[in-house]
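Visitor: I would like to learn how to read some features of a model. Please show it to me first.

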Amino acid sequence: MKTIIHLAVSLCFTTSSLVIADETTSAFLKKNCNRCHGSQQQKADRRFDTLPNQIKNFDDLERYQEIVDQLNLGSMPPEDEPHPTAEERTRVIAFLTQKITFAHSNLNSSGGHSVLRRLNAWEYRQTIGDVLGLNVEVWDPAEDFPAEVKVGGFDNNGEGLVTSGILLNHYFAAAEEAIRRTTQFGDRPTSTKYVQKSPFYFDGKDTGDLPKLFKVDRFRFIPETPYTDLYGRDYRGGHIGFMPLVREGGVPFSGIYTIRVRAAAVGLTHDYGKALGDFRNGDPLVMEVAAVDRRGSVESTGNVSKMTSLARVELTNEEPRWFEWNVYMEAGYEPEVRFRNGPLAAKRLVRLLTTQAADKPEFKPFIGMKGSTEKGHGVLKAYQGPRLRIWEIELEGPHIETWPSVGHRALYGSLKPDELNATNIQHRLETFGKKTFRRPPLKGELEPIQRFVQSKLSEGVEPLRALQLGCQAILCSPGFLYLNLGEGELDEVALASRLSYLLWSSPPDETLLNLATAGKLKSSLPTQVTRMLSNSRSHRFTTHFVRRWLDLDNIGTMPPSEDFLEYYRDNLETAMRSETESFFRHVLDNNLPLSQFLDADYSFLNRELALHYGIEGVQGNELQLVSLKKSQRGGLLGQGAFLTASANGVDTSPVVRGIYVSEKLLGYTPPPPPPDVPTIEPDIRGAVSIREQLEKHREDATCAECHRKIDPLGFALENFDAIGGWRDQYQARTPINSAGKLPSGDSFRTVSEFRKLLLDRQAQFKRCLTEKLMSYALGRELEVADRPSIDKILAELDNKNGGLRDLINLIVLSEPFLSN
Amino acid sequence: MLGQRHPKPVFVAFKETRSSNELLSMNPSSNLNRRQLLRGTGIALSLPAFESIASGNPNSDKSPRRLVCVGNHLGFYPGNFFPKETGKNYLPTSTLKPLEDHRDELTVFSHLDHELNGGHKAVQGFLTSIKKEEAAGFPNQNISLDQAAAEHVGSSTRFPSINTGIDGGTDMCWTRAGVHVPPINKPALLFRGLFVNSSQGEREVERMRLKHQASVLDALRESAVALNRTLNASDRDKLDQYLTSVRDVERRLQISNEWLDRSKPESPIDEVLDEDRQHIDEVALFYDLIALALQTDSTRVATLETGLGFRTAELDLGSYHGLSHHSKSEDRIGQLQIVESFLTTKLSDFISRLKEARVFDDTLIVFGSGMSDGSIHSNRNLPVLLAGGGIKHQGHVVCPAEQHKRVPLSNLWLSVLHWFGSEADRFGRSTGTFSPMSIGSSLNNG
């Protein structure tokens, strides 16, 4: 599917040097390849004796390309077969590469053109956010959109992106809501200060309509102190609401608010032992501030229908301190403070303290007492373990910088609803159309929408509503939804879009468009890349690219088994995703060589992730640069996200991991297994190891052909469990053997040795990453015809000993990027 | 192969499964495909029995045909699902035991699948036979069985289909455009859709919205045409998708308009409120709501999906995904058995419910999974059973297991579609129909 097969274009090779090259190649294939891939046998369905000297079509081209790839990788011929000399091999690789390059320029490719591409859900979200100045972190307009089809892991492939009635309906709804949120005709909201002091729980007849968390119960009481202690974990008895807003239905306006909490952490060290579950003695207490929407919620969900985490902080101070944040809150949301790493649910805490810590004198009066208010309150009051202590919570805002917002002005300019008329509405639609299309609208593109608005006006629809309907229509029109980059060499305006969707996942800003309009963008690309990468919007590129390249969504869709307690307790998913993103960002920002992805002896860890990796001494919940010099880990191969995304949350398979390593790091996707192969059945009863099973599997020649390339890559990672923790044994207590032999014959015993072998193959990795980046940049799969451009980029990168930032620049300056 | 026009389907009715299998294995070395083989033997072929329904228009039927598709992500442990015996007198396996009351009205199949690989990623092919990545290569993309049936129903009911699921479901339903139809996972929302009428005021707002949208669609079409003129052929194909979508929305608008002022049936049960429920309770609740929806003819096509995240902790078991990786551990297989029996018990209750409502004989239920044994992530030999529909059920039908004789599961799906009244001449990867219980005996195929 990757390459479109074209009708043969006949070519003549006339020069004598090429004839000699052809003869050499034929002889080489005959001697080294055709015994298994010839008239007698066609292992792996490959046959080379019928390969014509002249490359007549893309099919031939691909077969030759594969030969070159295999020779380069050193995977063919297999090690137990006679090998060509290094010199012969190199010579044939060179001949074939030249032959292929020559064929490229002669074969007419459909390639080079990224098909008219719809914005994917991710880009749509960022685009709506940037165009209308909305906070789309909190409100995701594309939340309910159907999932995009991924091609080669990427969800921005024009061929793969489908448009449907269902999606169009979503566009209508999203556009209507986006415009509603953007419209701000009211007066500039004034800032209000709300204050809530301890106690945070209430009693008596006024509490009738209040959500449960405000009410006194068996595990909540009104303290006699000027502060209130939180005992439970998170929303299980470890959270407090904000009374000043609960009956108001949250804050009246969206915007930036200041939240202040006066708090302390007491009882960090305790001697309750296992009664506190997995709480690590001495850990700081994590206070989380969240914005919650209680509208339409029910009690069993904790009276929260939606929530966003606003901030977290680790507390070790025993004396009260003010903590302050400026955060974005949506209208209708209210703040909530939580004890994120509280040891246990409050209810369970009381039960365990009176059973497992029953010998403590403070609990004596309550032992044997039936579950009652007296018991609950008594035990919690006597308890000396970790408590999050809160005095006061303040909320102040919104702090509005510009009113009305950028988005409002994009829709209405400075017009008031009663100033709108048929003439200025048409003008508004033109301005809005131009902005949202990222290019001047074509003749006839905007007019139908203007006529539609005109007809609504004459039907008697009020002007404001008519204009809004028109803007909605613009946000649902193909001019907005599709990136129309034209054909052939990109014009400057199209280039601006391609560049900004690569680095920002959203439309070009004014600077880019001005440069493009003046015809100066192409000549200032490196400067612009630097500027754009230093803009915070570029995190969309790093996070989204990494997410797609390494299939990090596997982690969310295959949630790890609940048996991995620490995974959930320590919030490892977030930490490990951030580790890999930060690592990529670090390599990019410092323009480090690509080989860092294979062998960097450092990474970005917080305390929990470090402990997960068996590294002691890291303080704090924030990611920080940590040396891995004394660890088995290094580069992507040792990162939690890489290891978790290549497993399924429950167990690991060398085959699945092997394919993952091959695809993600070496750029080679093994063919799917032929139908009806015997399956490999995991067996934890200890009878047969996975290694033995795979060895048996490989006795079958057709299986062996692929598995000798796949399995070693996976076995190298066998010491890592399904969430990337180190293990020396399987569940059945059988030892793990992570040794293996690459198709080239190079063998390794440990993951560290494997990493060195991979580093020897870093050229292959560089090519792989370059191709992935290029594919992401273009929104299409690469074709054989793109190979010369990739070769050129890699050669230049090597020439200047370049790093990741250089690579981005080379891609942006390459021919495929500059044309369509 | 895809480009070829398929000849008119032939209906295959096995009189007795065992003998048919013997016939099928007569010529194992043959290179003929299964269909040719069936034709060649000339024995297994017979025209379907006509059913005693007169009218050719299902829309005017007094008792219309209905289809319910139920899918589970993590498969059913084969050792506890498939009976050892063939035919009507099979001994119930532990997973089928809860269905004993209905054994005469169901058929279990062995050795049916779509020849897909990919473990979890291929489960979404259960009702489609095609992975979404491959959808572009098929004329109807990866449309699922339920959506194909829903297209046939059109606007005859308020909802062409009702797609429900626990949590996120398992990506089971897909439209002709290759787009996933997400399941409704809130019972209260479904209840409101089925039974709660909107107020006069709300209806007026909705009417205005529909009216505006209709004229917006015209404008968008014109705008697209202007863009279209500047594009090359491949880009135009892409924009065609947009234009098709516009037409699709127009069609939906029309249906919405038609139903806007018709009042909804009265609910025989108290309003289902929005509250946090256990997954195990939601399964029963969704089945009940589906039964009501069928009974009130609010829809004729319904689905229910249970996914990877089904909370087995509510049955005091380990995590479902963890259990499915049983790795032959007896303990885990034992726990899996509890989940799987739970699912078939709820199915059995649903069947009883439909019988009480006297719609069971007009309702065909498809039940199964796009995975067989979760521990090996196999998408082969899928657990599949059919129930109801007033057809001649056969107990346990064992299809040929050999590679070149296998029956594509799509053939069964095609027969189901024919039973439903569709005249489609193929579905997904079908090579013909497959109907050992004469289910292909649709009204239109004489």
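Guide: What follows takes a helix, a strand and an interface in turn. The model is predicted.

Visitor: How many Å should helix α5 of chain A span?

Guide: The expected span of a helix is 1.5 Å times one less than its number of residues. Helix α5(A), residues 165–182, has 18 residues and should therefore span 26 Å; its end C-alpha atoms are 26 Å apart, which agrees.

Visitor: Which elements cover the buried residues of α5(A)?

Guide: The buried residues of α5(A) include A:Leu167, A:Tyr171, A:Phe172 and A:Arg181. Their cover includes α4 (121–132), α9 (406–412) and α12 (463–475) of chain A, together with α6 (200–228) and α7 (233–260) of chain B.

Visitor: How many residues of strand β5 of chain B are buried?

Guide: A residue is buried if 20 or more other C-beta atoms lie within 10 Å of its own. In β5(B), residues 363–369, seven of the seven residues are buried, so the strand is largely enclosed by the rest of the structure. B:Thr363, B:Ile365, B:Phe367 and B:Ser369 point one way, and B:Leu364, B:Val366 and B:Gly368 the other.

Visitor: Which strands pair with β5(B)?

Guide: Strand β1(B), residues 66–72, pairs with β5(B) in the parallel sense over seven bridges. Strand β6(B), residues 384–388, runs antiparallel to β5(B) and is joined to it by five bridges. B:Ile365 stands opposite B:Val68 and has B:Ala387 as its bridge partner in β6(B).

Visitor: How many residues of chain B are in contact with chain A?

Guide: In chain B, 48 residues are in contact with 53 residues of chain A. On the chain B side, α6, α7 and α9 (320–324) each supply at least two residues. That side divides into 14 nonpolar, 22 polar and 12 charged residues.

How values were computed. Residues are numbered from 1 along each chain as its sequence is written. Chains are lettered from A and ligands numbered from 1 in the order in which they are written. This is a predicted model: local features need pLDDT of at least 70, side-chain atom pairs count only at pLDDT 80 or more; totals for chains, interfaces and linings use all residues. Helices (H or I, at least four residues) and strands (E, at least two) are DSSP runs, numbered from the N terminus. A residue is buried if 20 or more other C-beta atoms lie within 10 Å of its own, exposed if 12 or fewer, and partly exposed in between; C-beta atoms are placed from the backbone. Two residues are in contact if their C-beta atoms, placed from the backbone, lie within 7 Å. Two strands pair if DSSP finds at least two bridges between them. Ala, Val, Leu, Ile, Met, Phe, Trp, Tyr, Cys and Pro count as nonpolar, Asp, Glu, Lys and Arg as charged, and the others, Gly among them, as polar.
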